[in-house]
Amino acid sequence: MKVCYLTWGETPRSYGVFGSQVLGQFVANTDEIKNGSFYFISGVPVIHSGHIREKGKYKEEIQKVKQKLGKINFISTPIFAVQSVAYMHRFLFNFLFHGAESFLAKHLKSIKPDIIHCRGYGATWLALKIKKKYNLNYKVIFDARGLFPEEYALKNKYTQPNKNYLFLKKMEKQLLTEADVTIVVSDTMAQSYEEIGAKSIEKIYLSVDTESLNSTAGNSNNEVVYCYLGALTQTTWHTINDLLELYTELRKKTPNCKLKIITTSSHEAIKEVFAKIPQDEIILTSTKNTNELKEELSDVSFGLLPYRKSTSSFEDAVGYSILGTKTVEFTAMGIPVIVNKECGGASVLTKKYDLGITYSPKTFEELTVENINRYINDGKATERSNVAKDLFDYKKNAERYRKLYQKLTGV
């Protein structure tokens with residue numbers, strides 16, 4: 001079995017989401033398969049964020065990527081575009097592929113893969129195009145990760161469908177109907193794609209090292225510690241203002257409480273918004289690895305997912321599909337969550353497995369003292385951790401990918 005993992009337009013990195021959800025998971029997938037050949041191909045814009053973020057040391061970062069991949073062959077192929085503008089407009093979309101297609105086709109003709117596992121819309125579109133144009137014989141996995149047309153519309157502040165959005169929706173339908181299988185990361189994302197007419201859907205949730213995070217978290221004191229984890233600004237999926245509004249409501253119900261915020265976002269900007277909350281109630285910190293994260297979460301009573309207030313139908317659609325890595329990490333630690341109902345993927349799982357409380361961001365009516373007390377030191381941390389092991393564990397997901405690869409190839 002020959003499997004290629006294809007990314008297009010992203011900057012390969014050994015850390016962050018790319019390091020864990022992309023490299024880490026694909027390595028785990030290949031460890032499950034004997035007698036296979038594996039390739040990781042990244043289409044990288046000639047001008048990309050690595051030149052700035054790594055401050056001239058991006059070559060060293062690529063070496064770390066190769067080290068993380070180990071036995072998997074790494075191939076970088078050029079995209080003749082500036083990363084920041086590649087997806088900006090339907091007329092600029094072709095710059096993602098102009099001149100670059102022939103380079104990728106050459107690699108694929110040489111490798112002769114059985115499967116191309118494509119991350120995102122651009123990678124899938126190109127894999128399907130090359131397959132048809134050069135009459136190649138491989139199966140295409142559309143690993144969508146999110147509703148890109150709606151995310152694009154939201155990012156560009158569209159208030160209604162326009163030609164750019166409709167162009168992406170037309171492409172999306174093509175990918176869903178022509179790819180051999182589409183992978184989704186939440187129940188609600190599966191529902192959205194089924195309504196469009198996806199040919200075949202495989203649900204594989206986000207991955208986390210549940211063994212490293214497995215814990216009996218919980219505060220032995222009478223104090224309730226709420227926790228927010230992840231990027232936090234006024235423009236991220238979860239905003240500072242919405243977190244403040246949620247915490248303000250929670251502290252009415254649990255006066256003896258604190259809020260721990262684990263983030264690499266600006267602590268000063270967060271302090272400014274939280275200025276009216278006593279300083280001794282707010283704990284601002286950050287972590288660099290799983291061990292540090294586990295330590296910081298060890299005294300947490302609830303994980304918070306405040307999300308943000310929707311301003312358009314595009315935002316409704318994006319929110320409805322989101323699960324979020326933080327949901328996975330809190331659950332792996334056995335920590336109950338408090339989730340905005342509009343964060344649909346997380347909300348559905350929370351209700352399905354009784355992982356915590358879902359609430360309406362307009363009324364907060366579900367956040368009663370009785371509901372909150374039900375989860376404080378409820379002795380069910382192990383049960384929640386077991387849910388994470390079953391749904392989110394790297395190794396379990398690797399088994400799911402192995403079975404999918406074998407099903408597609410008949411091996």
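Reader: Is Phe 38 buried or exposed?

Author: This is a predicted model, and in it Phe 38 is buried, with a relative accessible area of 5%. The term buried applies to residues under 20% relative accessible area. Phe 26 also counts as buried, at 0% relative accessibility.

Reader: How many aromatic pairs are there, and how are the rings of Phe 26 and Phe 38 arranged?

Author: Two rings pair if their centres lie within 6.5 Å, and planes over 60 degrees apart count as edge-to-face. By this rule there are 20 aromatic pairs. For Phe 26 and Phe 38, the ring centres are 6.4 Å apart and the planes stand at 85 degrees, so this pair is edge-to-face.

Reader: Which parts of the chain does that pair tie together?

Author: Phe 26 belongs to helix H1 (residues 16–31) and Phe 38 to strand E2 (residues 37–47), so the pair ties together parts that are twelve residues apart in sequence. Both rings also belong to a cluster linked by ring pairs, which is made up of Tyr 5, Phe 18, Phe 26, Phe 38, Phe 40 and Phe 74.

Reader: How many cavities of 30 Å³ or more does a search of the whole structure find, and what lines the largest cavity?

Author: A cavity is a space where the probe fits but cannot get out. The search finds three cavities of 30 Å³ or more. The largest cavity has a volume of about 70 Å³. Its lining has 13 residues, and those nearest its centre are Gln 21, Gln 25, Asp 143, Arg 145 and Tyr 401. Tyr 401 is thus a member of the tilted pair as well as of this lining. H1 gives the most to the lining of the largest cavity, with five residues. By class, the lining of the largest cavity contains six nonpolar, five polar and two charged residues.

Reader: Which residues line the second largest cavity?

Author: The second largest cavity holds about 50 Å³ of space. Its lining is formed by Asp 242, Glu 245, Leu 246, Pro 306, Arg 308, Lys 309, Asn 340, Tyr 359, Pro 361 and Phe 364. Helix H10 (residues 240–253) supplies the largest share of this lining, three residues. The classes here are five nonpolar, one polar and four charged residues.

Reader: Where is Asn 340 found, and which backbone atoms lie by its side chain?

Author: Asn 340 is found in strand E12 (residues 337–340), and it is buried, with a relative accessible area of 1%. A polar atom of the Asn 340 side chain lies 2.9 Å from the backbone oxygen of Pro 306. Leaving aside neighbours within four places in sequence, Asn 340 is in contact with Leu 305, Pro 306, Tyr 307, Arg 308, Ser 347, Tyr 359 and Pro 361.

Reader: What lines the second largest pocket?

Author: A pocket, in contrast to a cavity, is an open set of points. The second largest pocket contains about 180 Å³ of space. Its lining comprises Ile 270, Lys 271, Phe 274, Ala 275, Ile 277, Pro 278, Gln 279, Ile 282 and Leu 284. Helix H11 (267–273) and strand E10 (282–285) each supply at least two of the lining residues. By class, seven are nonpolar, one is polar and one is charged.

Reader: Which residues are in contact with Trp 125, leaving aside its neighbours within four places in sequence?

Author: Trp 125 lies in helix H5 (residues 120–133) and is buried, with a relative accessible area of 16%. The residues in contact with Trp 125 are Phe 93, Phe 97, Met 171, Gln 174 and Leu 175, once neighbours within four places in sequence are left aside. Between Trp 125 and Gln 174, the separation is 49 residues in sequence and 8.4 Å in space, C-alpha to C-alpha.

Key:
Residues numbered from 1 in each chain as written. Predicted model: local features only at pLDDT ≥ 70, side-chain atom pairs only at ≥ 80, totals over all residues. Heavy atoms only, no water. Phe/Tyr/Trp six-rings, centres within 6.5 Å; stacked < 30°, edge-to-face > 60°. Helix = DSSP H or I, 4+ residues; strand = E, 2+ residues; numbered from the N terminus. Buried < 20%, exposed > 50% of the residue type's maximum accessible area, 1.4 Å probe, protein only. Polar contact = N/O pair within 3.5 Å; in protein donor to acceptor, adjacent residues only side chain to side chain. Contact = heavy atoms within 4.5 Å. 1 Å grid on protein atoms, 1.4 Å probe; cavity = no way out; pocket = protein on both sides within 12 Å on 5 of 7 lines; lining within 4 Å. Points joined across faces, edges and corners; volume = space filled by probe spheres on them. Nonpolar A, V, L, I, M, F, W, Y, C, P; charged D, E, K, R; others polar.
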